[in-house]
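Welcome, and thanks for taking a look at this one with us. Please open the model below and keep it in view while you read.

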Amino acid sequence: MHAWPASEVPALPGQGRDLRIHDTATGGPVTLDPGPVARIYVCGITPYDATHIGHAATYNAFDLVQRVWLDTKRQVHYVQNVTDVDDPLLERADRDGVDWAALAEQETALFREDMTALRMLPPRHYIGAVEAIPGIVPLVERLRDLGAAYELEGDIYFSVESDPHFGQVSNLDAAAMRLLSAERGGDPERPGKKNPVDPMLWMAAREGEPSWDGGSLGRGRPGWHIECVAIALDHLGMGFDVQGGGSDLVFPHHEMGASHAQVLTGEFPMAKAYVHAGMVALHGEKMSKSKGNLVFVSALRRDGVDPAAIRLALLAHHYRADWEWTDQVLRDAEARLGRWRAAVSRPDGPPAEALVEEIREALADDLDAPAALAAVDRWVGLQEASGGTDTGAPGVVSRAVDALLGVAL
Ligand code: 5CA
Ligand code: ZN
């Protein structure tokens, strides 16, 4: 699949900082030392509806990771998937009487437009589940040959007991895992499974549903977790720096993905840091396609909201926090954008070198975007109160805000 166009990232004077980030698996901060090419996999959308503010907040967090690394003069090898065949997509297409593939294509196109408008840097590889099937089948066959997978009425399941490290991403107990498995696409009640939370690797073809040739697995379609593992291993290999997504992916998705990869390769761990963004809510409940309490990025754009204001609204919240979208959040962001634009449009201002370091420091410290915004606010406050004589300063500020925060002033 093609991704979307990259906005230019201005180079900044001085030296970027290494990222220290919270790792869900160890429960603490890790300082990443990626080498010249940093590797990150971020779980992409299931394209059955438009991009909402919750999605945008999650992708904003990982866009910041990429920008911090670029500022250290590293290359970034960023991979993202599109779950373009899965139960929720097929159910929505069925409900609306539309072709599932056309729905996926249409919503993915809209996602690309939203990401472009928000100045999210694109992945280097943007890969759909369907196009990944030829790579998924041999992995499932290998898991079966290793004795880590078993068949149940034609479907193939992964046995979590085959991974000695199972549980080390989410650190949850069996009861909590079982509950979350039922909520998030698993089938813990199905009789005949070795462990209730064992996830499906390959689902045998069902009447009226799309299916593909699975070689020795028979016709069917891939499970959700093996999709991301196949794409990540194919394009990044084991031991990449960050696997990212929202906190609703900790279990089962990232736990199972890590397990599949560890059994397949005999290496541990798949990712050096498991990084999770908090959930955005609307009217007190997690924004979710299944509940329908959504604010769409495309709808805001259609209403004339400046994408830079949407981006500032996201940045005003720490990525790990759960937070609530309200009209006031957007109004505050619009006011801030107006003040910042006025401040950088003046011919001179207070010196800005220290501000660039403050933004760098804030982001390197577990992506503390609110602290970065507060630092820019302070410079803008000085500019408004008494101005300054540094003719380069407004340009430095607008380049730093663009390069590190993705906001074009
Ligand atoms: N296709 C899978 C990942 S492989 C999936 O979860 N798709 S999704 O469309 O449901 O979500 C896309 C991303 O947005 C995921 O990282 C998910 O964790 C995140 N996300 C979903 N809802 C919210 C929300 N309310 N707040 C923050 N992030 C969210
Ligand atoms: Zn995923």
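Here is a short tour, going from the whole chain to single residues.

This is a predicted model, in which local features need pLDDT of at least 70, side-chain atom pairs count only at pLDDT 80 or more, and totals for chains, interfaces and linings use all residues. Residues are numbered from 1 along each chain as its sequence is written, chains are lettered from A and ligands numbered from 1 in the order in which they are written, and side-chain values use heavy atoms, with hydrogens and water left out.

**The chain as a whole**

- The protein chain carries 13 helices and 14 strands; helices (H or I, at least four residues) and strands (E, at least two) are DSSP runs, numbered from the N terminus.
- A compact globule of 409 residues would have a radius of gyration near 22 Å, and the protein chain agrees with its 22 Å. That radius is taken over C-alpha atoms, and the globule rule is 2.2 Å times the number of residues to the power 0.38.
- Along the principal axes, the C-alpha atoms of the protein chain fill a box of roughly 75 × 45 × 35 Å.
- Of the 409 residues, 58% count as buried; buried means under 20% relative accessible area, exposed over 50%, and partly exposed in between (1.4 Å probe, protein chains only).
- Among contacts in the protein chain with a separation of 6 or more, 79% come from residues 24 or more positions apart, where contact means heavy atoms within 4.5 Å.

**Surface and charge**

- The protein chain exposes about 16,200 Å², with carbon and sulfur atoms supplying 51% of it. Accessible areas come from the Shrake-Rupley method with a 1.4 Å probe, and for residues only the protein chains shown count as cover.
- There are 37 positive and 60 negative side chains, and the centres of the two sets lie 3 Å apart. Lys and Arg count as positive and Asp and Glu as negative, while His and the chain ends are not counted; each charge is placed at NZ of Lys, CZ of Arg, CG of Asp or CD of Glu.

**Strands and their partners**

- An open sheet of 3 strands has the order 13-12-14, with mixed pairing. Strand 13 (285-286) and strand 14 (323-324) stand at its edges with a single partner strand each, so one side of each has no neighbour in the sheet.
- Strand 12 (residues 280-282) runs antiparallel to strand 13, with 2 bridges between them, and Ala281 stands opposite Lys286 in strand 13.

**Backbone points to check**

- Phe251 and Pro252 are joined by a cis peptide bond with omega of about 0°, and Pro252 has its place in helix 7 (residues 250-265).
- A cis peptide bond also joins Phe268 and Pro269, with omega of about -10°; Pro269 is in the loop between helix 7 and strand 11 (271-277).
- His283 is not a glycine, yet has a positive phi of about 55°. This residue is in the loop between strand 12 and strand 13 and is exposed, with a relative accessible area of 70%.
- Leu367, not a glycine either, has a positive phi of about 50°. Leu367 lies in the loop between helix 11 (353-364) and helix 12 (369-386) and counts as buried at 1% relative accessibility.

**Two residues and their surroundings**

- Pro10 is in the segment before strand 1 and counts as buried at 19% relative accessibility.
- Leaving aside neighbours within four places in sequence, Pro10 is in contact with Arg399, Asp402 and Ala403. The C-alpha atoms of Pro10 and Asp71 are separated by 9.3 Å, with the two residues 61 apart along the chain.
- Ala148 lies in the loop between helix 4 (129-145) and strand 6 (149-152) and is buried, with a relative accessible area of 1%.
- Beyond its neighbours within four places in sequence, Ala148 has contacts that include Leu143, Tyr157, Phe158 and Val263.

Conventions
Two strands pair if DSSP finds at least two bridges between them.
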